[in-house]
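Here is a friendly tour of a structure for someone who is new to reading them. Have the sequence and the 3D view open as you go.

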Amino acid sequence: MTTHIVPVRTYVAVFVALLVLLAATVAVNFVSLGELNVLAAMVIAVCKMCLVMLFFMHVRYSGRLIWIYVCIGFYWLAILIALTLGDVLTRAWLRP
Amino acid sequence: MPEPRTIVAPQFDDAAQQQETSMLGMWVFLATEVMFFGGLFASYTMYRALYAQAFAAASHHLDIVLGTLNTAVLLTSSLTMALAVRSAQVGARRTTATLLVVTMLLGLAFLGIKGVEYYQKYVDHLVPGPSFSFSGANRHDAEMFFYLYFVMTGLHALHMIAGVGVMSVLTILTVRGRFTPAYYNPLEIGGLYWHFVDIVWIFLFPLLYLIGHHT
């Protein structure tokens, strides 16, 4: 169960990966990719989040019940953002 | 070192079930926190879509060096937090206490750097309100960016302050020998909270500091 003890070098490796991703997200910002800039920044942020959650927050070593609750948080967030934007961003369509 | 003992409340079968229950409870709380910040992230997305150019112009007034430094500070504090929980698992009490203090200091360093940035915005008249001044046609659109900047980073900073408070309580409990390899649930869920606040910043940093590309 969660009594799994993660080796120190795994934590350090995750930390180094997080710093590399931080450097990457700043570096990408200095290259003009147009709309792809924001996509790259978000993909990198999601990768960093997954590393923190899986290793630092021990989700990788947790039971299925924890996994369900972790996913539900993001499911609600997706509903919140999708329905809000579904309203706001389509209002202009109705005004010719 | 005190004898390792397991404190299992009567409603639980064993220590493992008790630990999973406390972690599950923390994740439920974190799900509500996701929604708490989610409202702000949704408004941010909406206004950024509406005022894309003003947001890019306003974002360039933020200090990207301090922002990057603060991200690195927070990521380091997450590492020390994770290592603190690990040393509690192996029963190294002194190491746990030291790492908790380091985590707390890094959190305070983050707040200090944030304070320097806030002060700079105040000097530059970039705090929304009567004294707000922004050269450019979309003054009000840029002001909306700074509203969101201050509310989102301010709410995050409040969570950091609460986190530092949690860390100090955990440090005292650790020094008093309240945690053993068989019972360290408060450290585990305190760590979950700290990492969650770190994740919020992982998203705030690119969304606020890295809009439009820098040259």
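## A residue at the meeting of two chains

T68(B) is partly exposed, because 18 other C-beta atoms lie within 10 Å of its own. For this label, a residue is buried if 20 or more other C-beta atoms lie within 10 Å of its own, exposed if 12 or fewer, and partly exposed in between, with C-beta atoms placed from the backbone. You will find T68(B) in helix α3 of chain B. Helices (H or I, at least four residues) and strands (E, at least two) are DSSP runs, numbered from the N terminus.

Which residues does T68(B) touch, leaving aside its neighbours within four places in sequence? They are L22(A) and V26(A). Two residues are in contact if their C-beta atoms, placed from the backbone, lie within 7 Å. Within chain B, the C-alpha atoms of T68(B) and P206(B) are separated by 9.5 Å, although these residues are 138 residues apart along the chain.

## How to read the model

This is a predicted model, in which local features need pLDDT of at least 70, side-chain atom pairs count only at pLDDT 80 or more, and totals for chains, interfaces and linings use all residues. Residues are numbered from 1 along each chain as its sequence is written, while chains are lettered from A and ligands numbered from 1 in the order in which they are written.

Chain B has a mean pLDDT of 93, and 96% of its residues reach 70 or more; pLDDT is the predictor's confidence in each residue, from 0 to 100. For the complex, the predictor gives an ipTM of 0.92 and a pTM of 0.93.

## Chain B as a whole

How many helices and strands does chain B have? There are six helices and zero strands. The C-alpha trace of chain B spans about 70 × 30 × 30 Å along its principal axes. Of its 215 residues, 40% count as buried. Among contacts in chain B with a separation of 6 or more, 78% are between residues 24 or more positions apart.

The expected span of a helix is 1.5 Å times one less than its number of residues. Helix α5 (residues 139-175) of chain B, with 37 residues, reaches 53 Å from its first C-alpha to its last, close to the 54 Å expected.

## Where the chains touch

In this complex, 38 residues of chain B are in contact with 41 residues of chain A. On the chain B side, α1 (15-50), α3 and α6 (185-209) each supply at least two residues. The largest share, 17 residues, comes from α1(B). By class, this side has 25 nonpolar, ten polar and three charged residues. Here Ala, Val, Leu, Ile, Met, Phe, Trp, Tyr, Cys and Pro count as nonpolar, Asp, Glu, Lys and Arg as charged, and the others, Gly among them, as polar.

## The core

A nonpolar core is a set of buried Ala, Val, Leu, Ile, Met, Phe, Trp, Tyr and Cys residues joined through C-beta atoms within 7 Å. The largest one has 76 residues, and those with the most contacts inside it are A84(B), F145(B), V200(B) and L204(B). Helix α6(B) gives the most to this core, with 17 residues. Not counting residues up to four places away in sequence, L204(B) touches M152(B), T153(B) and H156(B).

Now look at L106(B), found in helix α4 (residues 93-123) of chain B. L106(B) is buried because 22 other C-beta atoms lie within 10 Å. Leaving aside its neighbours within four places in sequence, L106(B) is in contact with V73(B), T76(B), S77(B) and T80(B).

Most residues other than glycine have a negative phi. H58(A) has a positive phi near 65 degrees, and H125(B) has a positive phi of about 60 degrees. H58(A) lies in the loop between α2 and α3 (64-88) of chain A, whereas H125(B) lies in the loop between α4 and α5 of chain B.

Is each one buried or exposed? H58(A) is buried, because it has 20 other C-beta atoms within 10 Å. H125(B) is exposed, because it has 11.
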